[in-house]
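Subject: Handing over a structure, with notes on what was found in it

Dear colleague,

I am passing on a structure that you have not seen before, and I would be grateful if you would look through it with the notes below at hand.

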Amino acid sequence: MNIFITATNTNVGKSYTTLKLIKTLSQKGYKVGVFKPIETGVEKYPLDGYKLFNEAKKYNQNLNKLSLDDIVPIQFKLPAAPIVAGEVNFEKIDTAYKKIKNECDILLIEGAGGIKVPVSKNFYMYDFINYFNAKSFLVVQSKLGCINDLELNLEFFTPDVWAINLFNDSFYQVSYPYLKQKYKEVLIIQKDLDKITQKLLKG
């Protein structure tokens, strides 16, 4: 199974969430792998990919045969959309994907930025969902403006699961009442990881 982790924007908590999913799914007995096809803003090494790789190796010894470059095959120095940061080599992504896919039951694939970030002329970040035949998990920041961010994303695509990354408790006064009324169930990453993983594993 592949799960693509995306978010309503950049710096919303994709890596934070993926780290939590690694631990939770591993504790359920799955061999978990991680893959970040593209990381931008890379200086000496890809920071997000490094954190994900090190965490996953704690639980899945199969990953020790791989390198950080296998986990993050495309790395650009400029912190910008991939289409601006450089030319994306999809063959390199495919080669790395085949290597990591053989070493896990569940592969967590982390996107870059938000769902509509352009990767190349005719390919956007959301296209990776179909590209990898993955389930989708949308991370939503809890700060003021999250209602607008969430609803714009939900108009564009339907994630298999979405959940709030709680930055502060003001969310419960400012945004939660509306979301609870409209969507009935509002999952919080910090509180509902079991429910989140159950939904992702279902079907």
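In helix α2, the residues Gly49, Leu52, Phe53, Glu55 and Ala56 are buried, where buried means under 20% relative accessible area, exposed means over 50% and partly exposed lies in between, with a 1.4 Å probe and protein chains only. Helices (H or I, at least four residues) and strands (E, at least two) are DSSP runs numbered from the N terminus. The buried residues of α2 pack against α1, β2, β3 (38–39), α3 (68–71) and β5, and contact here means heavy atoms within 4.5 Å.

Before going further, please keep in mind that this is a predicted model, in which local features need pLDDT of at least 70 and side-chain atom pairs count only at pLDDT 80 or more, while totals for chains, interfaces and linings use all residues. Residues are numbered from 1 along each chain as its sequence is written, and side-chain values use heavy atoms, with hydrogens and water left out.

As for the whole chain, its secondary structure comes to 10 helices and nine strands, and 50% of its 203 residues count as buried. A compact globule of 203 residues would have a radius of gyration near 17 Å, and the chain, at 16 Å, agrees with this; the radius is taken over C-alpha atoms, and the globule rule is 2.2 Å times the number of residues to the power 0.38. Along the principal axes, the C-alpha atoms fill a box of roughly 45 × 40 × 30 Å. Among contacts between residues at least 6 apart in sequence, 73% join residues at least 24 apart.

Turning to the sheet, five strands form an open, parallel arrangement in the order β2-β5-β1-β8-β9, with two strands taken as paired if DSSP finds at least two bridges between them. β2 (32–35) and β9 (161–165) stand at the edges with a single partner strand each, so one side of each is left without a neighbour in the sheet. Neighbouring strands of this sheet are turned by 25° against each other on average, direction ignored.

Val140 stands opposite Ile164 in β9, and the bridge partner of Gln141 in β9 is Asn165. Both faces of β9 are covered, with Val161, Ala163 and Asn165 buried on one side and Trp162 and Ile164 buried on the other.

Helix α2 (residues 47–59) lies across β2 and β5 (106–110), running at about 170° to β2, where axes are lines fitted to C-alpha atoms, for helices over the stretch in contact, and angles run from 0 to 180 degrees between N-to-C directions. Helix α10 (residues 193–201) packs on the sheet and touches β1 (2–7), β5, β8 and β9, its direction making about 150° with that of β8.

Helix α1 (residues 14–27) has 14 residues that should span 20 Å at 1.5 Å a residue, and its end C-alpha atoms are 20 Å apart, which agrees; the expected span is 1.5 Å times one less than the number of residues. Its buried residues include Leu21, Ile22 and Leu25, and what covers the buried residues of α1 includes β1, β2, α2, β5, β8 and α10. Just after α1, Gly29 takes a positive phi of about 100°.

In the loop between β1 and α1 is Asn11, a residue other than glycine whose phi is positive, near 60°, and which counts as exposed at 72% relative accessibility.

Finally, which residues touch the most other members of the largest nonpolar core? They are Leu21, Phe35, Leu108, Phe128, Phe137 and Ile196, out of 64 residues in that core, a nonpolar core being a set of buried Ala, Val, Leu, Ile, Met, Phe, Trp, Tyr and Cys residues joined through side-chain atoms within 4.5 Å. Not counting residues up to four places away in sequence, Phe35 touches residues that include Ile71, Tyr97, Leu108 and Phe132. Phe4, in strand β1, is buried with a relative accessible area of 1%, and, leaving aside its neighbours within four places in sequence, its contacts include Ile109, Met125, Phe128 and Phe137.

With best regards
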